[in-house]
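Here's a quick, friendly tour for anyone meeting this structure for the first time. Have a look at it, and then we'll go through its charged side chains and how they pair up.

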Amino acid sequence: MIDKTNYLKISDFATKAGVSRQTIYNDLTGKLTDFVKVIDGIKMLDIQALSLYGVKDTVKLDSQFTVKFDNDLTAFLQSQIEEKDKQIERLYSMLDKEREQSKEKDKTIQEYAEHIREQEKRLADLLEQSQQLNHNNQVLLLKEKESKTKGLFKRLFAKSEE
């Protein structure tokens with residue numbers, strides 16, 4: 001009885017060898033001749049022939065080991081997925097916090113901008129008042145100067161009339 005676990009179908013063999021099926025069919029009458037077996041009416045190739053295509057470590061594992069390996073791998077991958085889910089959850093939480101902080105900063109910036117606009121308006125009003133006061137002071141100074149000048153002439157003319 002031939003052990004089927006050491007043989008592969010041509011398409012599976014081609015995949016593992018990294019070549020096309022046509023390449024394998026062409027090599028069946030050449031370098032693969034010694035590795036071909038017909039099992040249940042299907043041409044099969046011994047996995048040892050993979051070494052002809054540069055494939056190393058072609059040992060076929062028994063199904064019990066494969067199942068245990070698959071279960072262990074599945075458990076490991078499941079734990080990795082759970083850990084990644086937790087990381088994603090933490091990252092979403094951090095992102096939400098950052099968004100909240102950004103909204104708060106935007107609100108604060110808007111409040112500061114409004115405050116600055118109010119201060120600018122107050123400064124403009126104060127500048128206008130200052131300019132008005134300066135104008136009034138200049139007018140008063142001119143009137144005072146005129147009154148002193150008129151008073152001096154009046155005194156001079158008043159004395160000469162006497």
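## Pairs along helix 3

Arg117 and Glu114 sit three residues apart in helix 3, so about one helical turn separates them. Their side chains meet in a salt bridge, with N and O 3.0 Å apart. Arg117 is partly exposed at 46% relative accessible area, and Glu114 is partly exposed too, at 38%.

Asp96 comes in at 45% relative accessible area, which makes it partly exposed, and Arg99 is partly exposed at 49%.

Then there's Glu83, which joins Arg90 in a salt bridge at 3.8 Å, N to O. Glu83 is partly exposed, at 34%, and so is Arg90, at 46%. Searching the whole structure turns up three salt bridges.

## A buried charge without a partner

Now for Asp27, which belongs to helix 2. This residue is buried but has no salt bridge. The nearest side chain of opposite charge is Lys31, 4.1 Å away, and a salt bridge has to be within 4 Å.

What does Asp27 touch, leaving out residues up to four places away in sequence? The answer is Leu32, Thr33 and Tyr53.

## How confident is the model?

Keep in mind that this is a predicted model. The chain has a mean pLDDT of 84, and 81% of its residues reach 70 or more. Among its elements, helix 2 (residues 21–27) has the highest mean pLDDT, 92, while helix 3 (residues 63–161) has the lowest, 85.

Notes: Residues are numbered from 1 along each chain as its sequence is written. This is a predicted model: local features need pLDDT of at least 70, side-chain atom pairs count only at pLDDT 80 or more; totals for chains, interfaces and linings use all residues. Side-chain values use heavy atoms; hydrogens and water are left out. pLDDT is the predictor's confidence in each residue, from 0 to 100. Helices (H or I, at least four residues) and strands (E, at least two) are DSSP runs, numbered from the N terminus. Buried means under 20% relative accessible area, exposed over 50%, partly exposed in between (1.4 Å probe, protein chains only). Lys and Arg count as positive and Asp and Glu as negative; His and the chain ends are not counted. Contact means heavy atoms within 4.5 Å.
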